[in-house]
Amino acid sequence: MTDPTAPAAPLRSAAPAVFPGGPGLFRLDPETAHLNHGSFGAVPLPVQEAQAALRAELHADPDAFFIGAADRIAGARARVARHFGADPDGIAFIGNATEGANLALDAVPFADGDEILVTDHGYGTVVAAAARRARIDTVALDPSLPDEDAVRETVLAGLTPRTKVALLDHISSPTARLIASPRLLADLAARGVTTIVDGAHVPGMVADPLAGGADFWFGNLHKWAYAPSGSAVLAVAPGHRGRVRALVPSWEDGDGFPRSVENRATADYTGWLAAPEGLDLLERLDAAKVRAHNAALAAHGAALLGEIPGLTPLPYTEGLAMRSLRLPPGTAETPEAARALRERIAAEQGIRVLVWPWPGGGGIRVCGQVYNRPEEYERLAAVLPGYVG
Ligand SMILES: Cc1ncc(COP(=O)(O)O)c(C=O)c1O
């Protein structure tokens with residue numbers, strides 16, 4: 001990411017052309033505009049086919065499949081590590097970001113009175129994992145903080161002498177912005193704080209996911225890296241690897257990180273094994289081109305929504321495939337109101353888009369992915385005034 005933050009009010013950009021061959025790579029319901037790739041991702045057809053072939057192989061000879069699984073997983077892990085520029089012994093396949101948070105937190109030797117710093121942009125399942133382990137201290141980050149420096153200063157001002165861990169989003173879910181910048185991570189490390197970074201949105205969306213050098217970092221492959229659902233990665237700095245233990249001990253529990261974390265006895269490993277297919281596809285399409293295209297689509301969507309009276313574009317991080325805007329007061333103050341509005345828009349308009357709750361009106365987030373067409377954002381912009389008036 002170059003120029004990490006940029007001014008709030010985006011100028012209307014020209015609509016990007018449809019990504020050549022992009023929509024045909026997916027089998028999404030054509031009646032629906034899918035503008036919410038960030039929540040669950042979507043699996044491209046070649047990756048679905050690769051996983052289906054692996055499942056057929058498994059069911060044709062289960063003994064052979066499971067006996068050879070560990071070595072094949074190690075091979076797939078090496079492929080993922082190459083994509084990240086990571087040490088293959090320093091990452092493990094895991095099921096999802098939520099699991100990554102729990103594994104990382106369990107590897108921290110907490111003492112009585114230790115605190116975990118989180119922010120109010122943190123993802124619910126991840127914050128819940130923290131709350132189970134120690135007292136959490138929630139730093140409020142005003143969504144309209146202008147830039148990365150303001151975010152960094154606010155987080156650092158929230159430290160207390162008892163802060164043992166800072167558990168931060170790499171890219172936040174509701175507000176779609178960079179929080180755990182390399183500079184903030186370095187400042188936290190210099191203060192002796194253990195850093196755990198939630199990179200759920202980062203693989204596939206950010207060029208160099210591990211550049212920040214966190215103690216623990218986890219990210220989903222099933223959002224932006226085109227992998228099957230249930231594919232994610234936990235990266236652990238060398239000094240912490242010896243303390244990472246599987247949440248459920250299984251075969252290889254004594255073998256240490258990463259194998260002990262990956263062995264789940266009889267489980268469906270086909271998602272991890274097909275994950276390299278997703279990275280191959282991303283690289284075949286040209287990852288930099290995909291990122292630029294998706295960011296341009298999200299910017300186009302945000303610019304259109306920004307013209308609706310009462311909607312306020314938020315400061316954003318350049319180059320990301322998600323953009324957020326604040327909604328007018330009263331629109332989505334609570335999780336229930338946000339969910340109800342999101343479901344009404346889906347049911348009545350056939351448009352899937354994230355509405356997030358926030359005191360003072362909530363927000364809306366649009367995503368860009370190679371299957372999207374500019375007219376889908378235009379359709380959302382045309383109907384949204386009827387929901388936020
Ligand atoms: C920032 C963030 N963290 C964690 C998660 C949880 O991911 P998963 O459901 O794969 O555990 C999400 C999901 O959207 C997210 O946006």
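Helices (H or I, at least four residues) and strands (E, at least two) are DSSP runs, numbered from the N terminus. The model is predicted: local features need pLDDT of at least 70, side-chain atom pairs count only at pLDDT 80 or more, and totals for chains, interfaces and linings use all residues. Residues are numbered from 1 along each chain as its sequence is written.

**Sheet and helix**
- An open sheet is formed by 4 strands in the order β9-β10-β13-β12, with antiparallel pairing; two strands pair if DSSP finds at least two bridges between them.
- β9 (312-313) and β12 (354-356) each have a single partner strand and stand at the edges, so one side of each has no neighbour in the sheet.
- Helix α10 (residues 287-305) packs on the sheet and touches β9, β10 and β13 (363-367); contact means C-beta atoms, placed from the backbone, within 7 Å.
- The direction of α10 makes about 15 degrees with that of β10; axes are lines fitted to C-alpha atoms, for helices over the stretch in contact, and angles run from 0 to 180 degrees between N-to-C directions.
- β9 and β10 (residues 322-326) pair over 2 bridges, and Pro313 stands opposite Leu325 in β10.

**Loop backbone**
- The Phe257 to Pro258 peptide bond is cis, with omega near 5 degrees; Pro258 lies in the loop between β8 (232-236) and α8 (259-262).
- Tyr226, in the loop between β7 (216-220) and β8, is not a glycine but has a positive phi of about 65 degrees.
- Ala265, in the loop between α8 and α9 (270-285), is not a glycine either and has a positive phi of about 55 degrees.

**Burial**
- A residue is buried if 20 or more other C-beta atoms, placed from the backbone, lie within 10 Å of its own, exposed if 12 or fewer, and partly exposed in between.
- Tyr226 is buried because 30 other C-beta atoms lie within 10 Å.
- Ala265 counts as exposed, with 10 C-beta neighbours inside 10 Å.

Technical notes: Contact = placed C-beta atoms within 7 Å.
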